[in-house]
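Biologist: I've got a model open and want to go through it with you. Can we start with the charged pairs?

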Amino acid sequence: MFQTGASSSSKSLLSISFFLLHRTVENRRTFLNFSLPMSSWSCKKCTFLNPSSQKEACKICLSPPSPPPSSSPSSSTIPKWSCKACTFLNPFKNSDCELCGTRAPALSLSSFKDLIGISEDANADSSIGSVFFPLQPCKKRKMDDPVPVEANDDFAELSAFRGTRTSTNTVVEMGDSSSRASLKSIKIMTYNVWFREDLELRNRMRALGQLIQRHSPDVICFQEVTPAIYDIFQITNWWKVYSCSVKKDSHSRGYFCMLLSKLPVKSFSCQPFPNSIMGRELCIANLEVQKGISFTVATSHLESPCPAPPKWNQMYSKERVIQAKEAIDFLKETPNVIFGGDMNWDDKLDGRFPFPDGWIDAWEELRPGENGWTYDTKSNKMLSGNRTLQKRLDRFICKLQDFKVNSIVMIGTESIPELSYTKEKKVGKDMKTLELPVFPSDHYGLLLSISSL
């Protein structure tokens with residue numbers, strides 16, 4: 001408010017300042033609400049990812065593409081939060097004040113913008129950002145002092161590996177030998193993120209980002225990443241602490257695998273499978289965790305079964321088995337290797353996974369007797385209405401000389417709160433509309449923890 005004794009010139013300056021601030025906020029809002037292009041579409045029957053040029057029907061089963069989902073603004077009253085700096089009442093979806101730009105309290109963060117630009121601010125309230133990064137007091141150190149890293153200390157990991165750069169076939173220098181030597185436990189995540197761009201993409205990727213923030217994996221194996229998903233990842237806060245195997249704008253396919261690492265990277269590489277008609281490949285990261293000890297993480301998305309008309313026998317089991325053997329053969333000389341990803345493996349159809357003596361299946365080793373279904377149309381209610389499928393498609397295959405497996409858990413098994421979508425299903429001669437919950441992906445993820453011997 002203006003005081004009655006203020007001069008006319010002061011009023012003019014304040015009016016101009018508020019005008020410029022309003023324009024800045026509007027511009028920033030326009031920038032944040034960008035639209036993500038649809039680079040491809042997945043078939044609603046066989047899930048094959050068709051290129052954007054394939055507009056009339058699916059290449060595999062000849063089904064027509066699904067119409068884009070309609071969206072309408074909610075008519076419910078939007079709650080508001082009061083800015084602690086200027087007391088202005090902001091819509092609850094805003095992550096910062098429209099008037100003065102002050103960040104919202106942590107519990108008020110609710111939109112996709114939460115993931116953008118969350119950083120440590122010396123002048124900010126201590127609760128700001130605590131939803132995503134556990135802010136902790138930072139002690140001043142000399143440049144040569146070792147940085148202790150504990151297994152569950154995410155902030156310490158960030159400090160030890162500050163200055164990560166994305167690099168291909170380049171050694172990334174991070175931390176010193178003393179900080180590496182103190183790294184006792186390593187967490188590796190594998191997750192098929194689902195290339196469906198028409199089903200709550202931003203909300204699903206936001207939920208995935210929260211899983212990454214919660215578990216803080218050292219290495220991530222992703223499958224079915226599309227260019228649009230890649231673009232979303234790049235503007236999130238968690239992305240900043242990882243080196244990525246895929247450079248921006250270097251991907252030419254509709255979807256692909258990629259590796260992310262907090263650990264020092266010696267090299268990234270890819271080995272295409274010669275027999276793949278789906279462009280599948282083996283992606284490899286050679287890492288350094290301790291001086292003199294080599295450590296490799298690899299991921300792949302083996303050939304997918306496509307049982308759909310006109311040919312219901314398109315299971316590609318032979319191709320998948322050959323790819324698995326080629327991957328193991330390529331990695332077998334490495335003393336410490338974790339091969340994780342969407343193997344699309346069907347034990348009844350493909351037989352036992354073809355790894356030799358000295359290798360283990362981490363799930364079978366640590367959780368014998370448990371089904372481990374990472375694709376489950378019954379527990380994942382988002383897939384209700386699909387044909388029943390319960391398979392352990394995603395796996396960690398390991399050969400470890402200097403490490404041991406400690407634990408493996410399934411993640412992403414809960415639906416995203418207060419989010420649903422509609423789906424039509426034919427029941428007899430009638431079409432029924434189902435309202436279903438939304439999960440981060442059609443797959444569940446796996447989180448493996450290993451430690452040095």
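Modeller: Arg395 makes a salt bridge with Asp347, and their closest N and O atoms are 2.8 Å apart. Arg395 sits in strand β16 and Asp347 in helix α7, so the pair ties together parts 48 residues apart in sequence. A salt bridge here is a side-chain nitrogen of Lys or Arg within 4 Å of a carboxyl oxygen of Asp or Glu. Helices (H or I, at least four residues) and strands (E, at least two) are DSSP runs, numbered from the N terminus.

Biologist: Before we go on, what kind of model is this, and how are things counted?

Modeller: This is a predicted model: local features need pLDDT of at least 70, side-chain atom pairs count only at pLDDT 80 or more, and totals for chains, interfaces and linings use all residues. Residues are numbered from 1 along each chain as its sequence is written, and side-chain values use heavy atoms, with hydrogens and water left out.

Biologist: Back to that pair. Is Arg395 buried or exposed?

Modeller: Arg395 counts as buried, at 2% relative accessibility. Asp347 is partly exposed at 40%. Buried means under 20% relative accessible area, exposed over 50%, partly exposed in between (1.4 Å probe, protein chains only).

Biologist: What about Arg367 and Glu370, what do their side chains do?

Modeller: They meet in a salt bridge, 3.1 Å from N to O. Arg367 is partly exposed at 27% relative accessibility, and Glu370 is partly exposed at 42%.

Biologist: Which residues are joined into one network?

Modeller: Asp347, Arg352, Asp361, Glu364, Arg392 and Arg395, through salt bridges that share partners.

Biologist: How many salt bridges in the whole structure?

Modeller: Twelve. Another one of them links Asp231 and Lys248, with the closest N and O atoms 3.2 Å apart. Asp231 is in helix α5 (residues 227–234) and Lys248 in the loop between β7 (243–244) and β8 (256–261), so this pair ties together parts 17 residues apart in sequence. Asp231 is partly exposed at 26% relative accessibility, as is Lys248 at 44%.

Biologist: New topic: helix α6. What span should its 15 residues have?

Modeller: At 1.5 Å a residue, helix α6 (residues 317–331) should span 21 Å, and its end C-alpha atoms are 21 Å apart, which agrees. The expected span is 1.5 Å times one less than the number of residues.

Biologist: Which residues of α6 are buried?

Modeller: Ser317, Arg320, Val321, Gln323, Ala324, Ala327, Ile328 and Leu331. Seen down the axis of α6, they fall within an arc of 160°, so they line one face of the helix. That arc is taken from the directions from the helix axis to the C-beta atoms.

Biologist: And what covers them?

Modeller: The cover includes β10 (281–290), β11 (293–301), β12 (336–342), α7 (347–350) and β16 (394–400).

Biologist: Where is Cys306?

Modeller: In the loop between β11 and α6. Cys306 is buried, with a relative accessible area of 3%. Not counting residues up to four places away in sequence, Cys306 touches Ile60, Met278, Lys311, Gln314, Met315 and Tyr316. Contact means heavy atoms within 4.5 Å.

Biologist: Last one. Where does pLDDT stay under 50?

Modeller: Over residues 107–182, for which the model has 136 contacts beyond four places in sequence. Residues 1–7 also stay under 50, with four such contacts. The mean pLDDT of the chain is 76. pLDDT is the predictor's confidence in each residue, from 0 to 100. Where pLDDT is low, the predicted coordinates should not be read in detail.
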